[in-house]
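Me: I am new to this structure and would like a close look at one part of it. Please take me through the place where the two chains meet, and then show me what lies on either side.

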Amino acid sequence: MQGNKKDVVLSLRNLEVTFGEKRKKFVAVRNVSFDICRGETFGLVGESGSGKTTIGRAIVRIHPTSAGDILFNGQRINGVISKELDHEVTQKIQMIFQDPMASLNERAKVDYIVSEGLYNLKKKLSEAERKKRVEKALLDVGLLPEFASRFPHEFSGGQRQRIGIARALIMEPEFIVADEPISALDVSIRAQVLNLLSDLQKKRGLTYLFIAHDLSVMRFIADRIAVIHKGRIVELAETEKLFANPLHPYTRALLSAIPMPDPIAEQKKVLLVYDPSCHDYSVDKPRWLEIEPDHFVYGNEKEFEEYRRILSSSTGAGGV
Amino acid sequence: MGSQKMILSVRDLNIKFNLRGRKLHAIRDVSLDVYEGESLAIVGESGSGKSVFTKAFMGLLDANGYVESGRIVYRGTDMAGFTEKEWLKIRGKEIAMVLQDPMTSLNPLKTIGAQIGEAVRMHQGLKGDALKSAVVEILKNVGITEPERRAKQYPHEFSGGMRQRVVIAIAVACRPRILICDEPTTALDVTIQAQILKLLRDLKQKFDLTTIYITHDLGVVANVADRIAVMYAGDIVEIGKSEEVFYDPKHPYTWALLSSLPQLGKKGEDLYSIKGTPPNLFYEVKGDAFAARNPQALKIDFEERPPYFDVTETHKARTWLLDPRAPKVEPPEHIRELRKLGGKYNAGK
């Protein structure tokens, strides 16, 4: 992990997001708490429907929250907030979307798509200044400034995702929510976009919340990983600790599902399937515990004992 | 491999598309043999022609596309010149296809049972109760619980993974001999992806299918494929047994594809990425199509198209690097690591 540990940019406290009204209420995110430090990449992994995107959208204030707090630089940003703070948050927290084919306005030119956020700034920019910023943002993501006068359909998937990234960068954000930014892309393009993201992070000290369903990408990009299942975080650890000693059965199932470019190992591989009924929480109530430094897991006392045994028997290496 | 029976044999296939008065050469002189009972994966970037190539096996080319020359021989019959009427006998019954996105490949207005039943009725002529029980049996085969109840439901009541199971159920409903899976898991989660791949493997065993996978992700196919064909710019640049392609790849494009897998990346270092874009197929490609993006390209790569060089009896690649006169070019670091992984395999050769 980079930087000072105490320098928390974004902090979630017992966050809950629900959809629907009383009788048909659905809790999409329950009791989620974590801190994201400045300059780090925080990974959020889970299957579709686990609530990982909902958390990302709650942070950028698209979804209202029903309980808990989201703190950005120490200030509460969910619920009712002042107009000034709202402006500040919209500028400083930006989002990169999953599908570059669907997230760009087909009728607008790249120039407008990239600079749309700037029109909302308090301090109006002159036309020349705006143009200059667009040009710079495009260059930063490896596109040519001439592209500003073109329409999205003239670009390939990878280029479109770069436009999406330029649109986020132009606001000079501190924090970026990247919601599955590469899962709609080809493998060869994936590498380019991942490199671009980590490059920008180094240059500008950005902080990322990286949402994905695929742990193989996470190992490459994330400093810490939280595994979410059915709206609840079940395990949180530094990347290498998580890969060395996955404790929660769901994490282990996710890890076993990573396809490896190794035919012999693949043929021997046993696929783990997570069955939530393997937990018996009727008497022994589950809780959230730091089982080793910087490694948290959700479980009950009986499971913690089992997990401790796994931790003590492993020498740090090994794992999956 | 030589002893195995060939089920599909493609010879010097050329496919072109008419686009705004110009001709796009999508498949350039491709030959491929598919053996009975094997599982073959065709890997390539988007636009490499992998989908067009396999669509030609079912007569599903878009209206502006046509087979210019070459043969597609299925069990002794050349299908390249088939009319629509002739294709109907092949499609679904002999060769079936699973498409990429289960969200769009099912009819939202019909029940799952009706959609599977349609295929069974058309090809096997079953009716009434016999049809119903056949549908339930098929759903059971693809691992859907409570098939009687599920058959009466609509696609929106199914999750993505379940829908893909249904699409697979429809594809295998008429016991085809060849099943083509076009990116069967790209739209799905990793955990579901692993389950679907397992299902496809099981069905292959059970029904004695020959399967052809199409994918852009080399990571996925290690699990399912016996043989791998790497496609680039409308041409197969390398083909071999799965172990051969993963542990001892020869073509620079295969090196590049493998190196860019995030599974092999190291944190803090840049992931390998392929520079540039694939060639424009509106123009004739000169030399090795990958040369322009290959930092280690030889001079001859820009001038003359390389022939296939045999590495082993089952493994061949279209690259001048295999020519005895070529200078020795070391593969990138990731490939050398993969080679170590397959150490035992390579040693036993």
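Reply: What follows starts at the interface, then turns to each chain and a few of its residues.

Keep in mind that this is a predicted model.

Start with the contact itself. On one side stand 40 residues of chain B, and they are in contact with 38 residues of chain A. How much area is buried between chain B and chain A? About 3,200 Å². Carbon and sulfur atoms give 58% of that area. The size of an interface is often given in just this way, as the accessible area lost when the parts come together.

Three residues of chain B stand out here. They are B:Val190, B:Gln263 and B:Lys267. Together they supply 19% of the area that chain B buries against chain A.

Now look for pairings across the interface of chain B and chain A. The rule for salt bridges finds zero. Polar contacts do turn up: nine residue pairs make them, with both residues at pLDDT 80 or more.

Which elements of chain B give two or more residues to the side that touches chain A? There are four helices to find. They are helix H7 (190-207), helix H8 (218-221), helix H9 (242-247) and helix H11 (333-341) of chain B. H7(B) gives the most, with six residues. By class, this side of chain B holds 17 nonpolar residues. It also holds 14 polar and nine charged residues.

Step back to chain B as a whole. Its secondary structure has twelve helices and twelve strands. The radius of gyration of chain B is 21 Å, close to the 20 Å that the globule rule gives for 349 residues, so chain B is as compact as a globular protein of that length. Its C-alpha trace spans about 70 × 45 × 45 Å along the principal axes. Of the 349 residues of chain B, 56% count as buried. Take the contacts in chain B between residues at least 6 apart in sequence: 66% of them join residues at least 24 apart.

One buried residue of chain B is worth a stop. B:Val120 sits in helix H3 (residues 112-124) of chain B. Is B:Val120 buried or exposed? At 0% relative accessibility, it counts as buried. Setting aside neighbours within four places in sequence, B:Val120 is in contact with B:Gly125, B:Leu126, B:Leu131, B:Ala134, B:Ile138, B:Ala173 and B:Cys174. B:Pro307 lies elsewhere in the chain. B:Val120 and B:Pro307 are 187 residues apart in sequence, and 45 Å separates them in space, C-alpha to C-alpha.

Next, two glutamates in the loops of chain B. Most residues other than glycine have a negative phi. B:Glu146 has a positive one, near 50 degrees. Its place is the loop between helix H4 (128-141) and helix H5 (147-150) of chain B. B:Glu146 counts as partly exposed, because its relative accessibility is 45%. B:Glu183 also has a positive phi, near 45 degrees. It is found in the loop between strand S7 (178-182) and H7 of chain B. B:Glu183 is buried, because its relative accessible area is 7%.

Cross over to chain A. It has eleven helices and twelve strands. Why does the radius of gyration of chain A, 21 Å, agree with a compact globule? Because a compact globule of 320 residues would have a value near 20 Å. The C-alpha atoms of chain A fill a box of roughly 65 × 50 × 40 Å along the principal axes. Of the 320 residues in chain A, 52% count as buried. Among contacts in chain A between residues at least 6 apart in sequence, 64% join residues at least 24 apart.

End with one residue of chain A. A:His229 is in strand S9 (residues 224-229) of chain A. It is buried, because its relative accessible area is 9%. What does the side chain of A:His229 make a polar contact with? The side chain of A:Glu47, at 3.5 Å. Leaving aside neighbours within four places in sequence, A:His229 is in contact with A:Glu47, A:Ser50, A:Val234, A:Tyr250, A:Tyr274 and A:Pro276.

Definitions and conventions: Residues are numbered from 1 along each chain as its sequence is written. Chains are lettered from A and ligands numbered from 1 in the order in which they are written. Side-chain values use heavy atoms; hydrogens and water are left out. Contact means heavy atoms within 4.5 Å. Buried area is the accessible area (1.4 Å probe) that two parts lose on being put together, summed over both. A salt bridge is a side-chain nitrogen of Lys or Arg within 4 Å of a carboxyl oxygen of Asp or Glu. A polar contact is a pair of N or O atoms within 3.5 Å; within protein, one must be able to donate a hydrogen and the other to accept it, and residues adjacent in sequence count only if both atoms are side-chain atoms. Ala, Val, Leu, Ile, Met, Phe, Trp, Tyr, Cys and Pro count as nonpolar, Asp, Glu, Lys and Arg as charged, and the others, Gly among them, as polar. Buried means under 20% relative accessible area, exposed over 50%, partly exposed in between (1.4 Å probe, protein chains only). The radius of gyration is taken over C-alpha atoms; the globule rule is 2.2 Å times the number of residues to the power 0.38.
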